[in-house]
Each structure stands twice: as C-alpha cells, then as structure tokens.
Amino acid sequence: MMNRRQLLGAGAAGGAALVSTGAWSKTANMGLPEAAVMDSPATQAPSAPATGAPYNPVVTLNGWTLPFRMNNGVKEFHLVAEPVERALADDMTAYLWGYNGQSIGPTIEAVEGDRVRVFVTNKLPEHTSVHWHGLILPSGMDGVGGLSHPGIPPGKTYVYEFDLVKSGTFMYHPHADEMVQMAMGMMGFFIVHPRDSAFMPVDRDFLIMLNAFDIDPGSYVPKIMTMTDFNLWTWNSRIFPSIDPLVVSKNDRVRVRVGNLTMTNHPIHMHGYDFEVTCTDGGWVRPEARWPEVTIDIPVGAMRAYEFDAVHVGDWAIHCHKSHHTMNAMGHDVPTFIGVDKSAVTRKIRLLQPEFMPMGSTGMAEMAEMSMPLPDNTVPMMAGWGPHGPLEMGGMFSVVKVREGISAGDYSDPGWYENPPGTQAWEWTGELPDFSRASGPGTDVPSSGSSARSSGHDGHSGHK
Ligand SMILES: [Cu+2]
C-alpha cells in the first residue's frame, strides 16, 4: 500500500515507480498496463473475464469494455483521456474528447471485493481528473480536481486505487473543467458485478449512457457553452438510426442500465412491457420497494436500471419520451405552417428558384421521406426506415428485438419482426359513414344505427 504522496509521485513518474513485483518486471513497458484503443463504433461482443471472479459481462451499445490485467490480485486498467473522432452516426463524425479512442469511454467491469488500480494518462491539451460517480472509496481517490488531488497535467499519468466494496452500476467522468470536458463527450460506465453470481442474475445486461451534443450542421466540434438547447441527443455518443438494436431471446431475463450525464432529465419509455427499477447508482432496490413502470425518468447525474422477462416477441420501440429528443439536428426558430396555404407564394418563389419545395403545411412527416441535399457531416432531422415505411425518428431511439431462439451471446441484428397474420393493425376498406360531432361524454363513434350507441349508455348505467 502506498500513501497519497507516494501515489502522486508515482503518477508524475508515469507509473513506473509502481513496478515492484515479478509480474510487473516481466512486462516490457515499464509497468503501465497496455492502453487498449477501440477504432470502431460497433457494439463489441461482451467479454467474459479470463481471470479473476466470474461474472456475466454487460453489453455497451455501440461501445466496448476495457481489458484489464491481474497484477498480484489487483485488477489493473489503463484509461487514456484524449481527443477522439467518434462516428455519432454512419454519416456523421464528431471531433470529441473521450477515452481510449472513443466517446463514450470504454466500460470498466470488475467484481465486488476486487481491488482495482486505474492508470489515467492525460493526452488532452489541459488538465483533467476522473471522478468515480457512486463508488464508495477513500476521499483522495474521488477525482475532484483541486479537492481530492491536483488536476492531472497534460502528458502525465495518475493512478487511482481502491477496493470495490459494493456491487452496482456506477459512472466515471472528469471533475476538472467539467462543463467543457463533459460537453466534449468524456464519460463512461463502471460496472461492479456481485461477488455472488446467484445474486439477481440476468441473461442480457445492456448499458445506455444518455449524453448530448450541440454541433452545427456541417461542423465537427460541439459548442461547449450550450446549456440546454442541444441539437444531438445521443445514447453512448450515437444517434438513431445508427444506434444498434437491443437483441434479446424470448424468455431471457433482461436488464437495461441507463445513466444520465446530460443537463436535463430523460423519461425513457419502452414499449411492449412493464418493468421495475432494480438498481440506482446508489445500489440495488429491494424487491418490496419496487413498483411497475413503462416509463422511467432518469434524473440528471443519475442511473436507473430496470429488468423484465422477455416474454413478448416483437419489435418494441425504446426511446426518450421528450419528442424533441427523438429528432436529430434541427432549427428551433422554424415557424409553424400547419394549415397555411403556400400555393400562391410557391408559384412566385419558383419563378426565381424552380426547385423550391413548400414544407410544413400538413405537418413535418414529409421531412422523413424526402432526401434533400444536406451539408457535409450531418444527418436528417428524422430518419430510419422500418419494414412498413419511415420511422420519422432520430436521437434517443432504438428497437428492442425479442425473438425465439437467439443463442446466448448473439447480439447480431435479426432483422425486422414479421407480425403473425391477424396481429397487425389493418386498413378498414369498408364504407365510411358521414361523421357528426359527438354530442357529449359517453358517446363513441357515431354509428348508422342507434342501437349500438344506446347499448353503450346501457352499459355505463349498469355500473352505477
Ligand atoms: Cu430525452
């Protein structure tokens, strides 16, 4: 064990001073664990640990888990804070700050009772620190720059070392020039698995970090001064339709852990199921303290994990219920044109600009179907095509795909669900009556015969 002063000294020396064991001296890199780098935004297969206590690994959508090595019983990780190029979508790249080649940073996974040592190398142009959100640890390891320890200067490596005294879902992010560094994309998950593998086991365990950026169409760097009016609402620094689906086999027990490091709350709504919050960043929720939900509001600076048994096959939307958060970049100073007849003005404008298209008179769904030329490096406001047409979504949206017989560990997209005959909404092709206004409460669709309506009233009166 080293005290804080020795630790900082070791950090300033690049961690080399920590080399003291046989395992270390055999490595050629003077003791620093290799800093793995990910160059792909694709969801990486969950990685079961090759050493240490066993656990069921999590799946970070469009992300990955940081490899570790064991050094005399201590789990060692190496985070590198650095500028990264992250594909927010297949057609859009952002110049962000992140960790080990990506934003969000890699997920750290360990086990309750583990001792961990996290080397943090700073390749940013300013100092940084790493705060371990929710973890119970010594004050000097808490990562608040200037309070817990000096900020990690550019080019230096600091070492954090602590015991994982409880299992649960935690996060990491800078606590130094925090507004800028988080606006630039610096954040990640820290999962501590239960030591007892029989404690609340699940078959699939998904991670979603809610984050947000403000990037003008055609540009690459987020506007760091934006406080609330972000234009890209992301999960794990990714926007729909480029967010991978949550692939699930029927009857799997599924956990979804959602962290929020944006500046506003996000009511996360999942279709097809009801479910219960089983964990917050404060710890596991006792069974008697849970209640059913279909939407879970994720407060700012918090995490909520919920669980369900995947008994309903199908394609089920999962999204933020703030409708502006399921849109990609758009202007907010657009007038409302619903009900406006633009035909006269369109004729005049087309004399000057023959391609002019009037928009918005009937709503904005037409935005999803047309392919207007866009500036380089941006994405349409609403996008995504399903088996039955445009989804008209963006931002914080994905699909939970529950299917029969998906193998354990298989997260590949099974394609679109085919609804069995007779289980899909259909078009009414019969005659339509002349509709008249409802006359008051208790009256449903006017029908041609009076008997249907009066029987409805009889039904109500029978309950009085
Ligand atoms: Cu939202």
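## Overall make-up

Of the 464 residues in the chain, 38% are buried. The model is predicted. Its chain has six helices and 24 strands.

Take the contacts between residues at least 6 apart in sequence: 72% of them join residues at least 24 apart.

## The nonpolar core

The largest nonpolar core holds 92 residues. Val120, Phe190, Met209 and Leu232 have the most contacts inside this core.

Strand β13 covers residues 246-249. Leu246 and Val248 point one way from the strand, while Val247 and Ser249 point the other way. All four are buried.

β13 pairs with strand β24, residues 397-403, in the parallel sense. Four bridges join the two. In one of them, Val247 has Lys401 of β24 as its bridge partner.

## The loop at Gly218

Gly218 sits in the loop between β11 (204-213) and β12 (232-235). Gly218 counts as exposed because it has 11 C-beta neighbours inside 10 Å; the cut-off for exposed is 12 or fewer.

This residue still has contacts from elsewhere in the sequence. Leaving aside neighbours within four places, Gly218 is in contact with Pro375, Asp376, Asn377 and Thr378. Gly218 and Thr378 are 160 residues apart in sequence, yet their C-alpha atoms are 5.8 Å apart in space.

How values were computed:
Residues are numbered from 1 along each chain as its sequence is written. This is a predicted model: local features need pLDDT of at least 70, side-chain atom pairs count only at pLDDT 80 or more; totals for chains, interfaces and linings use all residues. A residue is buried if 20 or more other C-beta atoms lie within 10 Å of its own, exposed if 12 or fewer, and partly exposed in between; C-beta atoms are placed from the backbone. Two residues are in contact if their C-beta atoms, placed from the backbone, lie within 7 Å. A nonpolar core is a set of buried Ala, Val, Leu, Ile, Met, Phe, Trp, Tyr and Cys residues joined through C-beta atoms within 7 Å. Two strands pair if DSSP finds at least two bridges between them.
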